[in-house]
Amino acid sequence: MRDLNDLTRPTVPSGAIQERMRAETEERRGVVGPAPALPDDAGAPTALRTALGEAVAELASQIVDLSHDIHDHPETGYEEHHAVATVAELLRRHGIEPEVGVYGMDTALRAEIPGAAGADATAGTIAILAEYDALPGIGHGCGHNVMCANSVGAFLALASLARTRPGALPGRVILQTTPAEENSTAKEILAVRGMLDGVDAAIQTHSYAHDVTHQTWLGVRRLRVIFHGVPAHAASQPFMGRNALDAATLALTGIGLLRQQMLPMDRLHAIITDGGQVPNIIPERTELSIMVRSKYLETLKEIVERVEEVLHGAALMTGTGVEILTSEYCNEVPVRDNGPLLTSWVRSQRERGRDPLAAGVLPETIAAGTDFGNVSQRVPGIHPLIKVTDRPDVALHTPAMTEAAGAPTGDAAALDGAYGLAAVALDWLHDAELRRAVRADFEASGGAIDVADFWEE
């Protein structure tokens with residue numbers, strides 16, 4: 001019970017729900033069973049996967065050093081100048097000259113390993129994406145340093161195979177760094193500008209407290225809402241004003257009431273970024289920043305419409321004007337993981353002593369969002385989660401996750417994830433049947449979506 005003599009401190013959230021979710025996870029694991037894995041006789045030849053493991057082992061210190069360097073120099077979105085320079089320098093040490101500042105984005109980098117001369121032209125191109133932005137205040141509380149090390153390490157290991165084993169890479173491999181996942185939708189911008197042109201599949205990891213093949217990732221629409229009122233002296237002539245703060249308050253109240261009628265996986269969160277200047281003037285202007293999330297594209301569009309109705313209603317009730325502003329690149333769509341590609345990831349992780357949970361084992365209530373969804377709706381892709389901590393209660397975007405991402409458990413994830421992404425790329429390049437299954441799965445789940453024009457439909 002709360003001490004009513006000391007109300008200066010917040011209450012401590014109960015850990016009961018986390019205990020319950022852990023128990024449910026174990027129960028579901030028994031019901032759902034293990035995640036399916038690529039058979040031993042599919043994908044890349046066993047000898048080549050063994051050589052890949054050796055290449056990762058030789059690169060291990062450099063992969064871990066990269067993870068630590070980025071962890072120790074946290075930079076927020078579009079400010080990742082140290083990170084991009086560090087990655088570029090590491091690539092150059094291995095004889096790979098990257099292109100920095102691609103697609104008009106200063107902290108985006110691109111490098112390429114061409115396919116072997118005379119190889120099967122149908123092997124195509126697979127892209128390995130990388131993030132390295134941090135969160136303001138807490139640094140790498142989303143583990144992007146580990147994710148960057150996964151992707152760059154995988155790329156360097158594949159480059160090593162290409163140099164030492166002729167024909168090891170029948171197709172092309174691209175490394176593409178993608179800034180500002182936390183505060184923007186940079187992957188959407190890069191995709192619109194051509195990042196995925198000629199790319200047949202895209203892969204990347206995400207740090208987490210569990211090894212998971214697929215966890216629900218929600219689509220997001222970001223709204224910037226401005227209420228315009230009429231200023232007046234709050235004491236002598238309040239009746240001459242139109243209170244923009246009242247409109248913002250009613251909007252937040254309406255959003256709160258709307259939550260009762262939302263789908264279980266919908267999420268609404270909002271803050272007031274401008275609430276007026278002084279209390280004795282009726283506020284002329286207020287501004288809200290709102291994020292609307294949902295599990296499916298169609299339900300995301302529906303809940304956004306409901307939120308916009310609330311905003312218009314708040315303006316009507318207060319006699320204020322309202323602007324609802326969105327950037328053409330501000331929206332993340334749900335991640336669509338590709339089943340056959342995930343079987344390759346599962347096999348790679350079991351080779352490293354991990355056992356990723358199958359989809360449907362973890363409760364959906366801990367879902368978040370990522371702009372990798374905008375990639376996965378355009379080309380087949382996977383965004384598996386890799387465990388960076390031995391504590392299952394550690395959540396993303398917390399200081400505890402920041403600590404884990406720089407700890408030995410984060411180092412192990414950096415190496416295992418590097419092998420995993422490289423193994424998926426290698427399986428893709430060597431197995432035409434796998435590529436056909438990947439494409440069939442992608443088409444069966446809806447095919448390529450016109451993400452850029454989704455909100456205009």
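**Pocket, cavity and core**

Analyst: Helix 1 supplies the largest share of the lining of the largest pocket, five residues. The model is predicted.

User: Which other elements supply at least two residues of that lining?

Analyst: Strand 6 (206-208), strand 7 (219-228), strand 8 (267-274) and strand 9 (285-294) each do. The pocket has a volume of about 830 Å³.

User: What makes a residue part of the lining?

Analyst: An atom within 4 Å of a grid point of the space. For the largest pocket, 40 residues line it, and Ile366, Ala367, Ala368, Ala395 and Leu396 lie nearest its centre. By class, the lining has 21 nonpolar, eleven polar and eight charged residues.

User: Why is the other space called a cavity and not a pocket?

Analyst: Because a 1.4 Å probe fits in a cavity but cannot get out, whereas a pocket is open. The search finds one cavity of 30 Å³ or more. About 40 Å³ lies in the largest cavity. Its lining includes Tyr208, Trp217 and Leu385.

User: What makes a set of residues a nonpolar core?

Analyst: The residues are buried, of nonpolar types such as Leu and Val, and joined through side-chain atoms within 4.5 Å. The largest such core has 104 residues, with Leu158 and Val173 among those with the most contacts inside it. Helix 11 (residues 408-430) gives the most, 13 residues.

User: Which residues does leucine 158 contact, leaving aside neighbours within four places in sequence?

Analyst: Among them are Leu52, Val173, Ala422 and Leu426.

Technical notes
Residues are numbered from 1 along each chain as its sequence is written. This is a predicted model: local features need pLDDT of at least 70, side-chain atom pairs count only at pLDDT 80 or more; totals for chains, interfaces and linings use all residues. Side-chain values use heavy atoms; hydrogens and water are left out. On a 1 Å grid over the protein atoms alone, a cavity is a set of points where a 1.4 Å probe fits but cannot get out, and a pocket is an open set with protein on both sides within 12 Å along at least five of seven lines; lining residues have an atom within 4 Å of a point. Grid points are joined across faces, edges and corners, and a volume is the space filled by probe spheres set on the points. Buried means under 20% relative accessible area, exposed over 50%, partly exposed in between (1.4 Å probe, protein chains only). Helices (H or I, at least four residues) and strands (E, at least two) are DSSP runs, numbered from the N terminus. Contact means heavy atoms within 4.5 Å. Ala, Val, Leu, Ile, Met, Phe, Trp, Tyr, Cys and Pro count as nonpolar, Asp, Glu, Lys and Arg as charged, and the others, Gly among them, as polar.
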